[in-house]
Amino acid sequence: MRDRFIVVNDCRFHVIEAGSRQAEPVLLLHGFPQHAYAWRHLIAPLADDRHVIAIDLRGCGSTDAPRRGYDTSQRVADVIALLDALKVARADIVGHDWGAWLGFRLALDHPDRVRRLVSVSMVHPWVMQRHLIPHLWRWWVTALFEIPGVGEWVLRRRPEVAGWLLARDAPDRGLWTHQLRAIYSGPAAEPARASAGRRLHTQLVLRDIPRLLLGVDRRRPFTTPTVIIGGDGDALLPPSVLTVPLRLADRVTVRVVPGGHFLLDESPEEVLNLTVQHLR
């Protein structure tokens, strides 16, 4: 694996690459409160025949955490700028959690840049209200991070909350050792990154969730072959929410695997197998 830093959009991004740069590229986008380390089980196997690119998104891991730029449109612009800097015209996208939401927006806004998409543990843009609304209460946990002042304080002063979020629905909580929780909650507790985490959640509440509930993207053209992977014990997103409209059944499929919300750590082999099958 090769580490480097790339500056785009006035922000320095941490980028990990593996495999041959002449191979088909696959871009890995993590969720919250994680960073590129979440892909550790998938990077080496995918790199056997792919150019693997894993990034720490704005405000996460070792990437800069400026005060602005945490709305999804800017995060999409960050990814496109990074692909341009890497001279990657088109890539497969594999995203987890809010990284998967970013993947959907990339496929909707820039379909020419996305060949195939794998979404792990995230609702899709076409969710039906009758499936989503009964489960919105499950997202109460985001309130801990989204309120100005409160979100920063929780992430900085109570890192055990982020650690609890990671492990709360895992079939085997023993997997989430103190060391593994700290790998994620530690960087998220740094002052600038705690502010970034709060700003990310605030933007999602103000812009993305209303967009989802209003169905803004529901009728937009979508041609990207996609597989959605959900955990059978996901406390945030039960599999019933992932039902896809019939009009998309020829290009979007849903697969359910054992695990909670953080499947990259809890069920990496299942996620890897489904990803490899889909990206062929």
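Mentor: Start with a pairing: V26 has V52 as its bridge partner in β4. This is a predicted model, where local features need pLDDT of at least 70, side-chain atom pairs count only at pLDDT 80 or more, and totals for chains, interfaces and linings use all residues. Residues are numbered from 1 along each chain as its sequence is written, and side-chain values use heavy atoms, without hydrogens and water.

Trainee: How many bridges join β3 to β4?

Mentor: Strands are DSSP runs of E, at least two residues; helices are runs of H or I, at least four; both are numbered from the N terminus. Two strands pair if DSSP finds at least two bridges between them. β3 and β4 (residues 50-55) run parallel, and the bridge count is 6.

Trainee: Why is β3 largely enclosed by the rest of the structure?

Mentor: Buried means under 20% relative accessible area, exposed over 50%, partly exposed in between (1.4 Å probe, protein chains only). β3 covers residues 24-29, and it is largely enclosed because the buried residues number 5 of the 6.

Trainee: Is H14 buried or exposed?

Mentor: H14 lies in strand β2 (residues 11-18). Its relative accessibility is 10%, so H14 counts as buried.

Trainee: What is the length of the polar contact between the side chains of H14 and D3?

Mentor: A polar contact is a pair of N or O atoms within 3.5 Å; within protein, one must be able to donate a hydrogen and the other to accept it, and residues adjacent in sequence count only if both atoms are side-chain atoms. For H14 and D3, the length is 2.5 Å.
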